[in-house]
Amino acid sequence: MAAQTLIERLQGLKAQVASLPSPADERELEALRVKYLGKKGTVSLLSQEMASAPKDEKPVAGKLLQEVRGGLETMLEQARVRLTREKIQKEIEQEFFDISLPGSEPEFGARHPIAAVMDEIVDIFTGMGFQVEEGPEVESDYYNFEGLNFPAEHPARDMQDTFHLTNIERLLRTHTSPVQVRAMQKYGPPLSVIAPGKVYRCDADITHSPMFHQIEGFTIDKKITMGDLKGTLQTFIQRLYGPKTAIRLRPSFFPFVEPGAEVDVSCVICGGKGCRVCKHTGWLEILGAGMIHPNVMRASKIDPAQWSGFAFGMGIERIAMLKYGVDDIRLFFENDLRFLRQF
Ligand code: DAH
């Protein structure tokens, strides 16, 4: 029997491949691939023979080779898709999934007590017509001290209290009062501003944290008096702590106000009868305030002969501690969920 030509063998292979049963599993699939398309597989060996085939046979043989290879690749790919689908289907049928089991409940976060108190205070003042302003925490000496009429030797300028930034002529603001100066320069009078934010001091114990929050407020208009200050603060305090809460002003000194005052509220714990928190005085100090100093106005190009104003500032942590009966300021910043979950 004469040896078969390459074309005849390719035709035989094509017929053989066409009648192959589809593989029943992945092992059979792989065996088929190796047998025909592997390095030493039938198709690969025949394609090597192409080189030595007679020239006139080459086009027909090449076409046949392509058909056989293409047909095989398609068949194997379809088998692979079918086997994967069957495998997934089997897994779905065999796995048990109890849709009646209760799910895990998502945990909801809550507002941090400091943020909540701050919002409450800002809300009370915006309700009285104040606009909210913010200033930078990295501040210049000018806005933090100079523009607020701080004499050069004032103790608050001491390195002990202020975080000075090295390399740049900046500091971390020690209070929110610089926003007064910024807002006056930006808008000019008349003006009512409330300025909440973070402030920084080199200080840490159970009632001091190196970072804490303050709210600053001020009003400038024609003929503003100490009476306007007291009325505004009384309205604020009674909205915050209830209508029975009383306030009193004691003379005090802050460089940026004249006269200056410290503001006490009747003790929110004992109602004024005297307790451990108010040290049996019946009063709690919660605010600094006063009439804006003419030098502060002049520094912001506002004529103190035409305009007058009051300003006040308070620490949020102190107000929150009194409101919630917390006796260690650090609890607010330790992020212990057992503490935070109580609010
Ligand atoms: N800036 C002061 C501080 O940080 C608080 C303060 C006192 C603000 C009196 C004022 C004020 O506006 O009039 O301690």
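Domain bounds, as used here, come from an automatic or database domain assignment. In this predicted model, that assignment divides the protein into domain 1, formed by 1–50 + 64–82, and domain 2, covering 113–340. The C-alpha centres of domain 1 and domain 2 lie 86 Å apart.

We may begin with two helices, H2 (residues 26–37) and H3 (residues 42–49). Two packed helices are described by the angle between their axes and the distance between the axes. For H2 and H3, the axes come within 4 Å and cross at roughly 10 degrees. Angles under 35 degrees count as roughly parallel, and H2 is therefore roughly parallel to H3. On the side of H2, the contact is made by Lys35, Tyr36 and Leu37, while H3 contributes Thr42, Val43 and Ser44. Sorted by class, this contact of H2 with H3 has three nonpolar residues, two polar residues and one charged residue.

We turn next to the strands. Strand S8 (residues 257–266) runs antiparallel to S9, and eight bridges join them. Glu262 has Gly288 of S9 as its bridge partner. Strand S9 also pairs with strand S10 (residues 308–315), again in the antiparallel sense, over four bridges. Here Gly288 has Gly313 of S10 as its bridge partner.

How many of the 10 residues of strand S9 are buried? Eight of the residues in S9, which spans residues 283–292, are buried, so this strand is largely enclosed by the rest of the structure.

Terms used
Residues are numbered from 1 along each chain as its sequence is written. This is a predicted model: local features need pLDDT of at least 70, side-chain atom pairs count only at pLDDT 80 or more; totals for chains, interfaces and linings use all residues. Side-chain values use heavy atoms; hydrogens and water are left out. Buried means under 20% relative accessible area, exposed over 50%, partly exposed in between (1.4 Å probe, protein chains only). Two strands pair if DSSP finds at least two bridges between them. Axes are lines fitted to C-alpha atoms, for helices over the stretch in contact, and angles run from 0 to 180 degrees between N-to-C directions. Angles under 35 degrees count as roughly parallel, over 145 as roughly antiparallel, 65 to 115 as roughly perpendicular and the rest as oblique. Contact means heavy atoms within 4.5 Å. Ala, Val, Leu, Ile, Met, Phe, Trp, Tyr, Cys and Pro count as nonpolar, Asp, Glu, Lys and Arg as charged, and the others, Gly among them, as polar.
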